[in-house]
Amino acid sequence: MDNRYLGKVINEMTPFIEEQGFKTCETGEYKNEKKSVKVEYNEAKQQFVLLVADVDEEGKIGEFGEISAWLFDDSQTEKDAEAVGIDFVDTLRKNMGVKIAQKQNLQVDLPTATGDKFTISAFAKKVLDTYPQLKDEYKNYVAKYGSFLYLNFFGTYLVPLLKETLGEKTKKSGKKVLELIEPAYVKGDNDTSNVAIACLAAACYNDDKITEAVNNLLADNVNLKMSVVSFGNVLKTNKKLRNILVK
């Protein structure tokens with residue numbers, strides 16, 4: 001893979017880089033009074049890598065160390081590159097001890113369903129309707145990151161709730177999960193169908209009781225059941241994806 005998306009990652013980071021007084025060096029890295037930062041694409045590992053070094057009082061740059069890495073192969077898109085940039089900014093903020101100035105919750109609109117299309121936005125609306133306690137979390141999340149990184153959000157907030165609901169092992173709890181996941185799988189576009197599968201598979205990961213509950217729940221839906229099993233195998237080998245979805 002070439003570096004065609006490296007510029008997209010950098011563009012996503014540029015406002016923060018400029019805000020923190022970083023200047024571009026002749027060798028390509030960015031430097032302010034305390035830190036030096038560079039983003040590279042590692043062809044061998046197929047990863048975008050964020051590297052940071054301390055800058056001493058004389059302005060000399062120390063040894064660079066990796067503080068974040070994202071798997072990024074030929075299946076990834078420009079949108080994925082934006083997510084990498086957003087994640088790198090968040091990691092850099094933490095590394096530098098920079099607190100984020102959040103917008104007010106009321107400035108963030110809740111997701112909506114438009115027309116007959118079952119999109120990520122429609123699924124997110126269904127998630128918030130099913131678990132209304134997540135509405136404030138959604139607003140805070142979008143205010144913090146400036147956009148809806150749905151995979152990260154669902155991994156952090158939805159997957160634990162799915163595990164909790166499935167753990168109740170009642171007809172009511174099973175129906176609650178099925179009515180959330182099944183329409184997204186059947187009617188959703190590719191991204192929506194995949195994220196529904198991913199969330200259910202993540203809820204099952206390394207949990208025999210939840211896996212048994214899901215297998216029983218999907219006894220009459222073989223296609224969805226096999227899709228969840230297949231994605232579960234992906235989680236076992238894809239550490240980055242696992243870190244996003246399994247907390």
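## Overall architecture

The secondary structure of this chain consists of 10 helices and 5 strands. The model is a predicted one. Along the principal axes, the C-alpha atoms occupy a box of roughly 65 × 45 × 30 Å. Of the contacts between residues at least 6 apart in sequence, 58% connect residues that are at least 24 apart.

The chain comprises 247 residues, and 43% of them are buried. Its accessible surface amounts to about 13,900 Å², with carbon and sulfur atoms contributing 46% of that area. Charged side chains number 34 positive and 37 negative, and a distance of 6 Å separates the centres of the two sets.

In soluble globular proteins, nonpolar side chains tend to be buried together. In this chain, the largest nonpolar core contains 71 residues, and the members that touch the most other members are Met13, Phe88, Phe123, Phe154 and Leu158. Helix α7, spanning residues 190-204, supplies the largest share of this core, with 10 residues.

The surroundings of Phe154 can be described residue by residue. Beyond its neighbours within four places in sequence, Phe154 is in contact with Phe123, Ala124, Val127, Phe148, Val159, Val195 and Cys199. Three of these partners, Phe123, Ala124 and Val127, are also listed among the buried residues of helix α3.

## Helix α3 and its packing

Helix α3 covers residues 120-130, and its buried positions are Ile120, Ala122, Phe123, Ala124, Val127, Leu128 and Thr130. These buried residues pack against four helices: α4 (135-145), α5 (150-167), α6 (171-187) and α7.

## Cysteines

A disulfide is a covalent bond between the sulfur atoms of two cysteines. The number of disulfides in the model is 0, on the criterion of sulfur atoms within 2.5 Å. Cys199 takes part in no disulfide, and the nearest cysteine sulfur to it, that of Cys204, is 11 Å away. Cys204 likewise is in no disulfide, its nearest cysteine sulfur being that of Cys199 at 11 Å.

Both of these cysteines are buried: the relative accessible area is 0% for Cys199 and 10% for Cys204. Cys199 is also one of the contacts of Phe154.

Glu29 is located in the loop between β1 (23-24) and β2 (30-31). Its relative accessible area is 11%, so Glu29 is classed as buried, the cut-off being under 20%. Leaving out neighbours within four places in sequence, Glu29 contacts Lys23, Thr24, Ser36, Val37, Lys38, Ile61 and Phe64. Glu29 and Val52 are 23 residues apart in sequence, and their C-alpha atoms are 9.5 Å apart.

Asp90 belongs to helix α2, which covers residues 78-96. At a relative accessibility of 11%, Asp90 counts as buried. When neighbours within four places in sequence are set aside, the contacts of Asp90 are Lys144 and Tyr145.

## Loop residues with positive phi

Gln46 is not a glycine, yet its phi is positive, at about 55°. Gln46 sits in the loop between β3 (35-42) and β4 (47-54), and its relative accessibility of 32% places it in the partly exposed class.

Asn206 also has a positive phi, near 55°, and is a residue other than glycine. The loop that holds Asn206 runs between α7 and α8 (208-217).

## Leucine 178 in helix α6

Leu178 is part of helix α6. A relative accessibility of 22% makes Leu178 partly exposed. Not counting residues up to four places away in sequence, Leu178 touches Pro183, Leu217 and Leu218.

Leu178 and Val55 are 123 residues apart along the chain, and their C-alpha atoms are separated by 53 Å.

How values were computed
Residues are numbered from 1 along each chain as its sequence is written. This is a predicted model: local features need pLDDT of at least 70, side-chain atom pairs count only at pLDDT 80 or more; totals for chains, interfaces and linings use all residues. Side-chain values use heavy atoms; hydrogens and water are left out. Helices (H or I, at least four residues) and strands (E, at least two) are DSSP runs, numbered from the N terminus. Buried means under 20% relative accessible area, exposed over 50%, partly exposed in between (1.4 Å probe, protein chains only). Contact means heavy atoms within 4.5 Å. Accessible areas come from the Shrake-Rupley method with a 1.4 Å probe; for residues, only the protein chains shown count as cover. Lys and Arg count as positive and Asp and Glu as negative; His and the chain ends are not counted. The place of a charge is taken as NZ of Lys, CZ of Arg, CG of Asp or CD of Glu. A nonpolar core is a set of buried Ala, Val, Leu, Ile, Met, Phe, Trp, Tyr and Cys residues joined through side-chain atoms within 4.5 Å.
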